[in-house]
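The sequence and structure come first, followed by the notes.

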Amino acid sequence: IADRREGIGVCGWILVSLSFFLVLITFPISIWACIKVVKEYERAVVFRLGRILSKKAKGPGLILVLPCTDTFIKVDLRTVTCKIPPQEILTKDAVTTQVDGVVYYRIHSAVSAVANVTDVHLATFLLAQTTLRNVLGTQSLAQLLSGREEITHSIQTILDSATEQWGIKVARVEIKDVRIPVAMQRAMAAEAESAREARAKVVAAEGEMNASKALKQASMVLTESPAGLQLRYLQTLTTLAAENNSTIVFPLPINMLESLRQKNRGG
């Protein structure tokens, strides 16, 4: 619609000429009705006798509008925040969830936004709801929870391509919250707890194995050096003496134990 370049015809030019004449004979009073102010973040789409005056919107600043023949619509070019209410979605693995999100978009072509769609904001809002349900319905619950960035990028791409002819540019899409049924939350919590316990048992077993290997190596070293065993024994006594307890330790020389063992063998 915005690309049509047909003329307004002879009758149209006659009406435009009369409008100019009316402005001239009522000048300067009529100038206040002809001059309109368009703000920096706005654009004006001017219709002359029902046809769009130019392929490009006018503004910002002062624009001239003829009385009786021209009308205009102001379009806000600022970024719009579209809040998507919670949508009940059945995921790929048959889990019912409620997901809400936010879409940030702006109008980059005021002419297309006015001429190609009745209500550009309502159309974008409904399309965002439908796209959110369709995209999330093809994802599993694990993908929905862990792959939000990829999902939002996919939704943004679909929305941007669909709203291009409406003059809309989708800047960003975000998923705010994912609500899971209470029973599913409990099941996921139990699964996560079981996984943590399993990992803890594996870590404890690995620690025991490493400790046993270290003790084995230490015993081999102490076997080769009896003096080292004596020093280790004295170090243990020092540790016990440092603690505030009622333990009474009677140290026996290692050599004495060795001589007693040899006598027992000789007997």
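## I151 and its surroundings

Leaving aside neighbours within four places in sequence, I151 is in contact with V135, L136, Q139, Q143, L144 and I175, where contact means heavy atoms within 4.5 Å. The model is predicted: local features need pLDDT of at least 70, side-chain atom pairs count only at pLDDT 80 or more, and totals for chains, interfaces and linings use all residues. Residues are numbered from 1 along each chain as its sequence is written, and side-chain values use heavy atoms, with hydrogens and water left out.

I151 lies in helix α6; helices (H or I, at least four residues) and strands (E, at least two) are DSSP runs, numbered from the N terminus. I151 is buried at a relative accessible area of 4%. The classes are buried under 20%, exposed over 50% and partly exposed in between, using a 1.4 Å probe and protein chains only. Between the C-alpha atoms of I151 and Q139, which are 12 residues apart along the chain, the separation is 8.8 Å.

## T152

Helix α6 also holds T152, which is buried with a relative accessible area of 9%. Not counting residues up to four places away in sequence, T152 touches V173, E174 and I175.

## Nonpolar cores

A nonpolar core is a set of buried Ala, Val, Leu, Ile, Met, Phe, Trp, Tyr and Cys residues joined through side-chain atoms within 4.5 Å. The largest one has 34 residues, and V103 and L136 touch the most other members. At least two residues each come from β2 (42-48), β6 (80-90), β7 (96-107), α3 (110-115), α4 (120-136), α5 (141-146), α6 (148-162) and β8 (168-179). Helix α4 gives the largest share, 6 residues. Domain 1 (10-76) and domain 2 (79-182) each contribute at least three residues to this core, with bounds from an automatic or database domain assignment.

With neighbours within four places in sequence set aside, L136 is in contact with I89, T91, V99, L144, I151 and I175. A second, separate core has 5 residues, among them V38, A44, V46 and I63.

## Surface patch

V10, I14, L15, L18 and L49 form a nonpolar surface patch with about 460 Å² of accessible area together. Such patches join nonpolar side chains (Val, Leu, Ile, Met, Phe, Trp, Tyr) within 5 Å, from residues with over 30% relative accessible area and no salt bridge, the latter being a side-chain nitrogen of Lys or Arg within 4 Å of a carboxyl oxygen of Asp or Glu. Areas come from the Shrake-Rupley method with a 1.4 Å probe; for residues, only the protein chains shown count as cover.

V10 is part of helix α1 (residues 9-25) and is exposed, with a relative accessible area of 64%.

Conventions
Patches are made of residues with over 30% relative accessible area and no salt bridge: like charges are joined within 9 Å, nonpolar side chains (Val, Leu, Ile, Met, Phe, Trp, Tyr) within 5 Å.
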